Amino acid sequence: MEALKKNKPPLLPVPSQSRTCSDGLSIDPTMVSQGTKRKRDHESSHSNIEPPLTTDMITEDARQILKRVTKNSNQINIGSRKKATIGIFGKSGEGKSSLLSAILGKKDLLPSGCFGACTAVVTQVEANLNDSNYKAEIELFSQEEWENELKDLFRNIKDESEDRNDDLFEIAVEKITALYGVDADQKTLEELKNDERFAEIKTYLSVSKKIISSSNLSEFTNDVASYIQHSESSSGGWYWPLVKSVTIMIPDCRELLEHIVLLDLPGTGDCNKIRDDLWKSKLRECSSVWIVSAINRAITDRDPWGILKHCIEELGPGGKCKRINFICTKTDEINTAAYIRSARLPRDQISEDKDQKKACILHRNDHAKTRVKEKFENSEIKKIFITDNQFQVFTVSSDAFFDHNLNLESSETEIPKLQDDLRNLNKSINRELTKDYVNKVKGTLLLIQSGQLDPDKKTIEMKVNIRNKFEENLRSSLIELDKYFDSIYNELEQHLSKGVEESVQFCVASTKAMIAPNKDGRGFHKILGALCKNYGCYWSKNWDVVLDLNKTLAKYLHKYIDEDFLKIFPVTGKTGKSVQEQIDKFSITQSDSAYPSCDILHYIQNFIEIEETKLKEALNRDIVDMKKDIYSSIKITILNQMASCYQQAAAVTGTGSMKIKQDLLISTVDNIKQDMFNKAKVEVLKMFNNLKLDVKNALESGLQEAIECSQSQTSKKKRMDVSREIEQLERLLDQLSD
């Protein structure tokens, strides 16, 4: 192996003539030799130190190597990967739009208030990699979905019973008037259907997606505004109630967002299940979360912390969030004299004029960082995000980043730090994709190199022996993997059984505590009605009240497997018992010393190792999605078991309806508790067993195919020496590692 790493010359041009060998690969004639080795070029000029290559340059070099050898650089795709999602929490007015405009380096790139203005619309920002236009893809409701939504809205508007929920009433009025104009909420549904705008909107919804594209930022912002913003002073013609999600694509930001999506995660008082499910599915995709809050409310404002706490299961055990950034915005907005008094700063330590303001800003920034970190350390969220580097606090000023008259250095606005965060994440994903591609090319060349010698009897026998050894190793490794999964399965079963016992014991009391609290119940009948309509979940428009009966019923099962999940499926680091670690150490190859005298078998083994790595990396990514489904299955099973009860309770109206709803929910939980929790347990174990089978089948079939492929090159391949090309690819991989 050491010999392969010596004297690695730069890539050299090769003539383009080619001919095709019998296995279908097109081979450059300059690659065909009469011996097993080719003369190396040892010119001294090649030993000069060269500047590092970019990932694009490395990819192109690998593609050229493949083209020189096979005359077909398109036979291997560069590949793609699901983009990393960064979820952004924060209410409208906290500076999210300005923050993102500053990070992307373009003032007023996003209209103020476009994030969080419409609580129901999922909005995301990513790079436009195709052209230089600003582009928006707007996903709309279908006609049927909107008609159902409209019926629900009018039902809430016309509801004059004591059960009417004020939040749902306000949301319904807001949507109807935003779309159809002032006083539209005063009409009946039939009257509204006769309105010309109703027919216009029906035609409008005949397409599922609307595209807006413009090279002019101002025009683009105006065109997209009605789909993502709402104006209380101007009713009618605002289309956001028809929108499920909006994807805004920005040109000239490949360096920051090529592989990243910035996703707004507003709180939602919306009772629409379609939007709710979309919101939760997006939440589980977040690999990182930014909590955005104005610096003067960062500690006292309960909303961002409350939303995060409510969603922590979707981010942690049931998701893949690796990091939380708490971003304090509007740091330049400060009353210097008032701050000096409140912070009790000695005036002799504070200089005059702008420097005085700057000193106050930086002092408040440091104080805010300390307080926010302390609050995090004492929160329940800390249990999920264990290491210190998983929680960072930033104090930013978007205005000062653009306006130097505000007397803050660019670095003091901390916008560059967030840009570096994005840039480094983007580079990391780029490196991974480039490494995958170079390894694919290397694998192809290793197969070619393994077929360069004459297929004599000794070589054939050795290849048969190594194949048998690979297959034997595969069988034994699968047996060991099976033992690991069985031990984890048994632990999960024991812990789930304890969770079932505790759930059965406490579920009725937990249900009563939530839906029949021992306190002043005035107004609670409205919340209870909304909870039943939304299948067990209620959150107020301002997130000051969050109730989730399904999560409450699932909490004891989750309690007993949360620790297991953090060890079996950690989002970062090693635990000694994770599925990812077991897959990483799974291997059917041996050390090079097993075959010290045979280069061909070394090349075959190297090929198998590359195929193993590709398989294991793909599996580890898939496992994250399977893990999310397993964890969320508990709550989904409970919701499905309770669904008919929620529907019955939602239909109850009139005098005494709250008591009837409460009794119906409590009695249903009591009657089905044993069966419901057992089904949740069985579903978790079934899905975990399916994960085991998927992993084993993927490894077995993938590696068996690799073994077969490594054996198929013996007799038909032209004798080729591509060892130098393999060395060059290894050199490229070394640069990626550096």
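Analyst: Cys507 is buried, at a relative accessible area of 2%. Buried stands for under 20% relative accessible area, exposed for over 50% and partly exposed for what lies in between, with a 1.4 Å probe and protein chains only. The model is predicted, with local features needing pLDDT of at least 70 and side-chain atom pairs pLDDT 80 or more, while totals for chains, interfaces and linings use all residues. Residues are numbered from 1 along each chain as its sequence is written, and side-chain values use heavy atoms, leaving out hydrogens and water.

Cys321 is buried too, with a relative accessible area of 1%. Searching the whole structure for disulfides (a pair of cysteine sulfur atoms within 2.5 Å) gives zero. Cys321 is accordingly in no disulfide, and its nearest cysteine sulfur belongs to Cys286, 7.0 Å away.

Lys330 lies in the loop between strand E10 (323-329) and helix H11 (336-343); helices (H or I, at least four residues) and strands (E, at least two) are DSSP runs, numbered from the N terminus. Its relative accessibility of 28% makes Lys330 partly exposed. Lys330 has a positive phi, near 60 degrees, and is not a glycine. Most residues other than glycine have a negative phi. Asp183, in the loop between helix H4 (166-180) and helix H5 (189-193), also has a positive phi, near 70 degrees.

Thr329 has its C-alpha atom 9.3 Å from that of Ser98, although 231 residues separate the two along the chain. Ser98 sits in helix H2 (residues 96-103) and is partly exposed at 33% relative accessibility.
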